[in-house]
Amino acid sequence: YFSSTVATGLPEFYDDLNKYSLESKSKEKLYSNQKLSLSKIILIKDEVFVMASDMKSFGVNQNSDFYKLIDKNFEKVLTFGKSASGSIGSDVRFGSYKNNLVYKDDFYFIGTLNDRTCIYKFDGENVEEFFKPLGSIDDFIFYKDSLYVIGLFNNTIQELYEARLKKDDV
């Protein structure tokens with residue numbers, strides 16, 4: 001799955017959603033209404049969701065909401081309206097990171113929440129603050145019963161941290 005726009009020489013903020021088949025080497029256009037600016041494509045339980053903005057209230061600075069693809073159109077599932085990426089600046093970061101993943105049929109992503117970043121969890125219907133330490137998370141992964149995060153905490157440079165989770169948490 002990927003988003004695309006047609007190059008016209010002018011800035012374009014609305015995206016089409018496409019699916020590329022590796023087997024047939026063909027592209028299928030799934031959405032092309034030009035009413036949403038897509039920021040994240042999410043696949044949960046064989047359903048396609050996106051985080052997107054209609055840009056009606058704040059233009060390119062508007063935060064995204066959750067939409068579900070139904071019959072080549074997007075229907076809003078949930079108003080989120082918060083930051084869906086880390087925006088805490090620093091001059092000690094190294095590299096770039098993915099910042100989101102699907103794990104056990106839930107979509108996890110990093111967002112800025114007041115004075116910190118947190119990991120949010122979206123299950124296709126609801127979103128919740130899953131992990132919100134005091135600091136800045138750059139990337140994360142689940143492994144066995146632990147959550148591993150790369151982040152800036154306690155006035156230190158980036159380090160790898162392990163958070164042991166209860167089996168029912170994830």
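**The whole chain**

Modeller: The chain has an accessible surface of about 10,600 Å², and carbon and sulfur atoms account for 48% of that area. Such areas come from the Shrake-Rupley method with a 1.4 Å probe; for residues, only the protein chains shown count as cover. This is a predicted model in which local features need pLDDT of at least 70 and side-chain atom pairs count only at pLDDT 80 or more, while totals for chains, interfaces and linings use all residues. Residues are numbered from 1 along each chain as its sequence is written, and side-chain values use heavy atoms, leaving out hydrogens and water.

Colleague: How many helices and strands are in the chain?

Modeller: The chain holds zero helices and 14 strands. Read from the N terminus on, the elements are β-β-β-β-β-β-β-β-β-β-β-β-β-β.

Colleague: What makes β8 and β11 edge strands?

Modeller: Look at their sheet, an open one of four strands in the order β8-β9-β10-β11 with antiparallel pairing. β8 (100-103) and β11 (127-131) each have a single partner strand, so one side of each is left without a neighbour in the sheet. Axes here are lines fitted to C-alpha atoms, and angles run from 0 to 180 degrees between N-to-C directions.

Colleague: Why are β10 and β11 said to pair?

Modeller: DSSP must find at least two bridges between two strands. β10 (residues 116-122) and β11 have four, in the antiparallel sense, so they pass that test.

Colleague: What is the strand order in the three-stranded sheet?

Modeller: That open sheet runs β12-β13-β14, again with antiparallel pairing. β12 (136-143) and β14 are its edge strands, each pairing on one side only. From one strand to the next, the twist averages 25°.

Colleague: How many bridges join β13 and β14?

Modeller: Six antiparallel bridges link β13 (residues 146-152) with β14 (residues 159-164). In β14, Ser146 has Arg164 as its bridge partner, and Tyr148 stands opposite Glu162. The two strands form a hairpin with six residues between them, and Asn154 in the turn has a positive phi of about 55°.

**Buried or exposed?**

Colleague: Are Lys25 and Met55 buried or exposed?

Modeller: Under 20% relative accessible area is buried, over 50% is exposed, and values in between are partly exposed (1.4 Å probe, protein chains only). Lys25, with 63%, is therefore exposed. Met55, at 14%, is therefore buried. Lys25 sits in the loop between β2 (16-21) and β3 (26-31), and Met55 in the loop between β5 (47-53) and β6 (65-70). Neither is a glycine, yet phi is positive: near 55° for Lys25 and near 60° for Met55.

Colleague: Why is Ser64 called buried?

Modeller: Ser64 has 8% relative accessibility, so it falls under the 20% limit. Ser64 lies in the loop between β5 and β6. Leaving aside neighbours within four places in sequence, Ser64 is in contact (heavy atoms within 4.5 Å) with Ser39, Met51, Ala52, Ser53, Phe80, Gly81 and Lys82.

Colleague: What makes the link between Ser64 and Ser39 a polar contact?

Modeller: A polar contact needs a pair of N or O atoms within 3.5 Å; within protein, one must be able to donate a hydrogen and the other to accept it, and residues adjacent in sequence count only if both atoms are side-chain atoms. The side chains of Ser64 and Ser39 are 3.0 Å apart in their contact, so the distance is within the limit.

**The cores**

Colleague: Which residues have the most contacts inside the largest nonpolar core?

Modeller: They are Tyr108, Ile119, Phe130, Phe140, Phe142, Leu147 and Val149, in a core of 14 residues. At least two core residues come from each of β8, β9 (106-113), β12 and β13, and β12 gives the largest share, three residues. A second, separate core has 13 residues, including Phe49, Phe107, Phe109 and Phe122. The name stands for buried Ala, Val, Leu, Ile, Met, Phe, Trp, Tyr and Cys residues joined through side-chain atoms within 4.5 Å. Over the chain, 39% of the 170 residues are buried.
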